[in-house]
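User: I am new to reading protein models, and I would like to learn how to describe one residue and its surroundings. Could you guide me through an example?

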Amino acid sequence: MQRILTMVLGLAVAVIGVQQAHAKAPRNNPSLPKVDYQIGQITPLGQGLSIPVTNRGFVTSPKTAVSVAIYDRQSRRLLTTKFIDVPAIQSNQTRRVIVVPPSPGQPIVVRAMVDPGNRVPETNERNNQTASQH
């Protein structure tokens, strides 16, 4: 009986060890992406808008860009498009991109996307864009 318990306990320890090793695998596996850009909520900042870009990945990201499209809220007409360079971002760090709308005070819809050319392989591509009304 003691022999069986020892085998079961040994198997449980082996399974736990495998799960922990698997959780660390993305950092050590060169073929898996290690960067994860995440674009946050667009917020007013003075006459402009602040767009946070965070790297949720394991390593420092390469430089990238954020594309920002600003539309008239009523007519849905495109007012302007801007591409703003974003320097490299360390793991779990945030950089803010500031954009000033063409007519402050005008009701607008803002759409922002980080890595618009999809040049950087990421662990999650679904969190690269957002939109809001101002």
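**Reading one residue in its chain**

Analyst: The protein chain contains one helix and eight strands, where helices (H or I, at least four residues) and strands (E, at least two) are DSSP runs, numbered from the N terminus. This is a predicted model, in which local features need pLDDT of at least 70 and side-chain atom pairs count only at pLDDT 80 or more, while totals for chains, interfaces and linings use all residues. Residues are numbered from 1 along each chain as its sequence is written, and side-chain values use heavy atoms, with hydrogens and water left out.

User: In which loop is the place of E125?

Analyst: E125 lies in the loop between β7 (108–114) and β8 (129–133).

User: Why does E125 count as partly exposed?

Analyst: Buried means under 20% relative accessible area, exposed over 50%, and partly exposed in between, with a 1.4 Å probe and protein chains only. E125 counts as partly exposed because its relative accessibility is 34%. Of the 134 residues of the protein chain, 31% count as buried.

User: Which residues does E125 touch, not counting residues up to four places away in sequence?

Analyst: A contact means heavy atoms within 4.5 Å, and with that exclusion of residues up to four places away in sequence, E125 touches N118 and V120. The side chain of E125 also reaches the backbone nitrogen of E122, at 3.3 Å.

User: How far apart in space are E125 and Q38, C-alpha to C-alpha?

Analyst: From C-alpha to C-alpha, E125 and Q38 are 8.6 Å apart in space, although 87 residues apart in sequence.

How values were computed: A polar contact is a pair of N or O atoms within 3.5 Å; within protein, one must be able to donate a hydrogen and the other to accept it, and residues adjacent in sequence count only if both atoms are side-chain atoms.
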